[in-house]
Amino acid sequence: MKPSTWNDDASADRLPEGSPEHLQTFFTDSVGCLRGLYQRYGPLVAFSKGSQRIIFASTPETNGLLFRNPGVFHSLGFVSGPKNSSQRRLGNGMFNLNGARHKQHRRLMLPLFQKEMLDSYREPLGELTDRMLDGWQYERQYDLLAEIKELARSITIRLLFGLEDFALAASIDAIFEQWLEMNHHVAFQSMLPVEPPSESYERMLLSAQAMEKLIGTLVAEREQAPPGPDVLALLLRARDAGAISTVDVLAEATHLFNAAYHTTTYAMTWTLFLLAQHPVEMSRVYEELSAGPGASFPLLDRCIKESMRLLPPVVYFARSNVEPFALGAHHLSPGTLLVGSHYVTHRLPDLYSDPERFMPDRWLSADPGVYGYIPFGGGARMCVGAAFAQVIFETCLSQILRRFRLAVVPGARIDRKCSLTLGPRWGIPVTVHRPDRQYACAPVAGDIHEMVALPTASKRAAAA
Ligand code: HEM
């Protein structure tokens, strides 16, 4: 099917009107739904519910329009709850803010992600990774997702929040996942012409209450600790200077936890999985890493980039226009909901040949343009932590891959779990071995095969 674009007036005129049953799985399997919409309608499709319009649009052109016009297309962020509720208060963080307040909060955080700061993170990142790896024993089986989650949690709590309370981070995590999922349900509840699972709203409000309490404890702990260069210390200083309120601090801490933790967990887990399943590429990465620590790792960087193309940790972004807007031949009345999908854009065959294959070397020549590769979003709302995430990936992944060979357990079931983010539903069982270079792809089951064309199971690095 030839994808249509907003620049192509003729096809924009034929913006297809979708049938509601094709949205049925959006609440429980966002990627399955987005894939289905693309296969049936192409990258542009509209739905109506009463006077409400929702448009799924994932071409580079529509991504660009949404990213370049933040004054028109406002971010939806988390659901706005009832007055005086935890849910409402937690809406004072960056994902929900627009206009001047958004700029102000964003500016507050930028010093943290400048070059000298980023370099200073490498040593603690190395330490935290070694702590995890020191616990691994050769020939034993681990759940890769659980291990990386714990690592990402300790990175978030130590480097972003300046604390060592890993148990508190684990309690926040337990609530947080549910809160995120319920927000995904409720945000679209009134707009999509299908019903979400029941009781989502009540569960969202309850988990917001629990989140606010735990984040409150975290902020109180930080107030007792010595000053530091972390983001929470920065936010507290801004509060003491009267620039932001205590409610803002709690909300930003919540949004940052959300922004940093799941995304980095999934990006690292998927990259390690894909490398374990692609012996040829893994073998080349090992060669590169053996050249010595501290150097740059262009191939590893391409693998991470390719992993976030195929399995982007964030799969969609949502905006609503606050004033009328002409998109090609289409008049959008205010309040139209627009959903762009990183997952869909990253597979458009016009941009990527053989889109379902993991081919890190495509990045030696691929040029999908600024809005054709968007794992970190774009424009005024582009991820503030992108460079930080890159330092995390390079440091942690290079260390893991140098010290161990990871082999996926044959027969493992790898299914997706997705709402706003995309991770492995049941974890990923791996056996860890000494770095003996015996890389081999294992046969696996599950809907991973819908998302990635994995090499045949018998392929070994040596045979390539
Ligand atoms: C693999 C890692 C990451 C991915 C894939 C990712 C992805 C994204 C995306 C797609 C957005 C834009 C959302 C939108 O357009 O509505 C975003 C925003 C944001 N990210 Fe990240 N992120 C990652 C890591 C991080 C980290 C480590 C931090 C913090 C240290 C962070 C902080 C933020 C913040 C604060 C925003 C909101 C920016 C704004 O609204 O102006 N992210 N991220």
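Helix H9 (residues 200-224) has 25 residues, which at 1.5 Å a residue should span 36 Å, and its end C-alpha atoms are 36 Å apart, in agreement with that value; the expected span is taken as 1.5 Å times one less than the number of residues. Helices (H or I, at least four residues) and strands (E, at least two) are DSSP runs, numbered from the N terminus. The model is a predicted one, in which local features need pLDDT of at least 70 and side-chain atom pairs count only at pLDDT 80 or more, while totals for chains, interfaces and linings use all residues. Residues are numbered from 1 along each chain as its sequence is written.

The buried residues of H9 include Ser200, Met204, Met211, Glu212 and Arg222, where buried stands for 20 or more other C-beta atoms within 10 Å of a residue's own, exposed for 12 or fewer, and partly exposed for values in between, with C-beta atoms placed from the backbone. Among the elements that cover these buried residues are helix H8 (166-189), helix H10 (231-240) and H11; contact here requires C-beta atoms, placed from the backbone, to lie within 7 Å.

H11 itself has 31 residues and reaches 45 Å from its first C-alpha to its last, close to the 45 Å expected at 1.5 Å a residue. Because 29 of its 31 residues are buried, H11 is largely enclosed by the rest of the structure.

Two packed helices are described by the angle between their axes and the distance between the axes. Axes are lines fitted to C-alpha atoms, for helices over the stretch in contact, and angles run from 0 to 180 degrees between N-to-C directions. A crossing is left-handed if the near helix is turned anticlockwise from the far one by less than a right angle, and right-handed if clockwise. Residues in a contact are sorted so that Ala, Val, Leu, Ile, Met, Phe, Trp, Tyr, Cys and Pro count as nonpolar, Asp, Glu, Lys and Arg as charged, and the others, Gly among them, as polar.

| H7 and H11 | within 9 Å | roughly 140° | right-handed | twelve nonpolar, four polar, two charged |

Leucine 128 lies in helix H6 (residues 115-134), and it is buried, with 22 other C-beta atoms within 10 Å. Leaving aside residues up to four places away in sequence, leucine 128 touches Leu151, Ser154, Ile155 and Arg158. The C-alpha atoms of leucine 128 and arginine 158 are separated by 9.5 Å, although the two residues are 30 residues apart along the chain.

Around the ligand there are 23 residues, of which Ala259, Thr263, Gly377, Cys383 and Gly385 come nearest; a residue is near if its C-beta atom, placed from the backbone, lies within 6 Å. H11 gives the most to this shell, with six residues, and the shell divides into 16 nonpolar, five polar and two charged residues.

Most residues other than glycine have a negative phi. Aspartate 354, however, has a positive phi of about 45°; it sits in the loop between helix H14 (342-345) and H15, and it counts as exposed, with 10 C-beta neighbours inside 10 Å. Arginine 437 has a positive phi of about 70° and is placed in the loop between strand E12 (429-433) and helix H16 (448-451), where its 15 C-beta neighbours inside 10 Å make it partly exposed.

Terms used
Contact = placed C-beta atoms within 7 Å.
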